Amino acid sequence: MITVSTDRCHVASDVFDHPVREGAALLNRLTDAPGHGGCHVHVNSGIHLDPERRQLGWWSLDSSPQAYRVPELWPGWKIKFWQDDWEQHVRASDRFSPAPFDAGEEARAAVLAEAGERRALRARNRAQVTRLRTVPARSQAGCPQHA
C-alpha cells in the first residue's frame, strides 16, 4: 500500500521486495500508475510519501533486515521506519484504513474447526479398531494341513 500526500493511493502486489527499496525513483513510477480511492483491506506493508515535505514513513509485517539502508536510497528525505506499526500509516493518510479485524474471533473459529476435525478423525479410528476386534477370525478349515 503506497499513499502519496492526501490525494493518491496505489497498491503494489506481487512485488519481490518492499517498494521503499526503489528509492526516489518510486515517485516517477507512480506518476502514471493507476490509483485507487483508498485501501480498506489488510496488507503486509506500506509507504506514505509526502513529496512537498520530502518525508517518507514506511512499515512492514515481514522481516526488514536492510531497513537501516533505506535512507541511503532516499537522499534528502526524512525517513521514518514504523517497523510493524501499520497504524502509523493510517494516521498519516486517510486513504489507508483497513477494515476492523477481530483476530480473537478468527482464531477461535480456527481452533474450533481444527478440534472438530480431530474429533472426527478419532471417531473414525475408534470405529476401525472396533470393527477389527469384532470381525470373526478366519476359519482355519480352508487352510491346507501340513503333514
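The dialogue below covers the sheet and the nonpolar cores of a predicted model.

Colleague: What limits apply to the values in this model?

Modeller: In this predicted model local features need pLDDT of at least 70 and side-chain atom pairs count only at pLDDT 80 or more, while totals for chains, interfaces and linings use all residues. Residues are numbered from 1 along each chain as its sequence is written, and side-chain values use heavy atoms, with hydrogens and water left out.

Colleague: What is the strand order of the open sheet?

Modeller: Strands of a sheet pair through backbone hydrogen bonds, either parallel or antiparallel. Strands here are DSSP runs (E, at least two residues; helices are H or I, at least four), numbered from the N terminus, and two strands pair if DSSP finds at least two bridges between them. In this model the order of the 5 strands is β2-β1-β3-β4-β5, with mixed pairing. β2 (8-10) and β5 are at the edges with a single partner strand each, so one side of each has no neighbour in the sheet.

Colleague: How many bridges join β3 to β4, and how many pair β4 with β5?

Modeller: β3 and β4 run antiparallel and are joined by 6 bridges. G46 has W59 as its bridge partner in β4, and H48 stands opposite G57. The two strands form a hairpin with 4 residues between them, and R54 in the turn has a positive phi of about 55°. β4 pairs with β5 (residues 78-81) in the parallel sense over 4 bridges; there L56 stands opposite I79.

Colleague: Is β4 mostly covered or exposed?

Modeller: Buried means under 20% relative accessible area, exposed over 50%, and partly exposed in between (1.4 Å probe, protein chains only). Of the 6 residues in β4, 5 are buried.

Colleague: Which residues touch the most other members of the largest nonpolar core?

Modeller: In soluble globular proteins, nonpolar side chains tend to be buried together. A nonpolar core is a set of buried Ala, Val, Leu, Ile, Met, Phe, Trp, Tyr and Cys residues joined through side-chain atoms within 4.5 Å. Here the largest has 14 residues, and I47, L49, L56 and W74 touch the most other members. At least two residues each come from β1 (2-4), α1 (25-31), β3 (45-50) and β4 (55-60). α1 gives the largest share, 3 residues. Another core, of 6 residues, lies apart from it and includes C9, C39, W82 and F96.
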